[in-house]
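Thanks for coming, everyone. I'd like to walk you through one model today, so please have the sequence and the structure in view.

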Amino acid sequence: MGTNKRLGATGKRDVIVNKVVASPVVPRALRWRTLKALGWDVAESTIGANVYFGGSDISIGEKAWFDGDAPVYLAAGVRIGAGVRVLTRQDASGATRDAKPVLIGQGAQIGDGAVILAGVTVGEGAVIDPHAVVGENCSPDTRYAGDPAAAVGDV
């Protein structure tokens, strides 16, 4: 006798957001609009195919860019400002490499125009100042600024 496993609310959200909306057959212009229609706080932005959203309490500012060559994981409560670029193929030297995932921890805040490079983990509660270029992992509850980004204090 088999078991009847029903897909819970989180599972349904994950299927819709991370399978259907993230599908390469869905046009880029439709991805952010669909997330907005689902009740997410999403402004006009570029979200590539195969981008993974790990939480549902996510805010994406206008003109944000996610390339999606490797997974981009955003935890709950992440705030991303306008013009942010999350790149999964470019490293700190500017070279294009094998795609590496980017992880942004719960409650992190990414300021307008910041760039998060391939393979970076932004810790929980970290704050990335506007226009910072982040090529190294960021500690939780720490503020980062500059190009390249460096820790400038606690939050």
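By class, the residues lining the largest cavity are 7 nonpolar, 1 polar and 1 charged. Before I go on, please keep in mind that this is a predicted model.

So let's stay with that cavity for a moment. How many cavities of 30 Å³ or more does the structure hold? There is 1, and the volume of the largest cavity comes to about 40 Å³. If you want to find the lining on your screens, look for V17, V21, A22, R31, L35, I47, G48, V51 and F53. Helix 1, residues 9-21, gives at least two residues to this lining, and so does helix 2, residues 28-37.

Strand 6 and strand 9 run parallel and are joined by 2 bridges. There you can see I80 standing opposite I110 in strand 9.

Then move along to strand 14, residues 142-145. Strand 14 pairs with strand 15 in the antiparallel sense, over 4 bridges. Y144 is the residue opposite A151 in strand 15. The hairpin these two strands make has 4 residues between the strands, and G146 there adopts a positive phi near 100 degrees.

How many residues of strand 15 are buried? The count is 0 among its 5 residues, 150-154, and this strand is hardly covered.

I104 stands opposite V122 in strand 11.

A114 sits in the loop between strand 9 (109-110) and strand 10 (115-116). Is A114 buried or exposed? A114 is buried, because its relative accessible area is 0%, and the cut-off for buried is under 20%. What does A114 touch, if we leave out residues up to four places away in sequence? The contacts are G83, V84, R85, I128, D129, H131 and A132. Take G83 from that list: G83 and A114 are 31 residues apart along the chain, and their C-alpha atoms are separated by 7.3 Å.

Last topic: charges. Side chains of opposite charge can pair when their charged atoms come close. A search of the whole structure turns up 4 salt bridges, and I'll go through some of them.

Let's begin with K63 and E44, whose side chains meet in a salt bridge at 3.9 Å, N to O. This pair links distant parts of the chain, 19 residues apart: K63 is in the loop between strand 3 (59-60) and strand 4 (65-66), while E44 is in the loop between strand 1 (41-42) and strand 2 (46-47). E44 is partly exposed, with a relative accessible area of 41%.

Next come D57 and R79, which form a salt bridge with the closest N and O atoms 3.6 Å apart. Here, too, distant parts of the chain are linked, 22 residues apart, with D57 in the loop between strand 2 and strand 3 and R79 in strand 6, residues 79-80. D57 counts as partly exposed at 42% relative accessibility, and R79 is partly exposed at 36%.

Then we have R89 and D69, a salt bridge whose closest N and O atoms are 3.2 Å apart. R89 lies in the loop between strand 7 (85-86) and strand 8, and D69 in the loop between strand 4 and strand 5, so to speak for this pair as well, distant parts of the chain are linked, 20 residues apart. R89 counts as partly exposed at 33% relative accessibility, as does D69 at 44%.

Definitions and conventions
Residues numbered from 1 in each chain as written. Predicted model: local features only at pLDDT ≥ 70, side-chain atom pairs only at ≥ 80, totals over all residues. Heavy atoms only, no water. Buried < 20%, exposed > 50% of the residue type's maximum accessible area, 1.4 Å probe, protein only. Pairing = 2+ DSSP bridges. Contact = heavy atoms within 4.5 Å. 1 Å grid on protein atoms, 1.4 Å probe; cavity = no way out; pocket = protein on both sides within 12 Å on 5 of 7 lines; lining within 4 Å. Points joined across faces, edges and corners; volume = space filled by probe spheres on them. Nonpolar A, V, L, I, M, F, W, Y, C, P; charged D, E, K, R; others polar.
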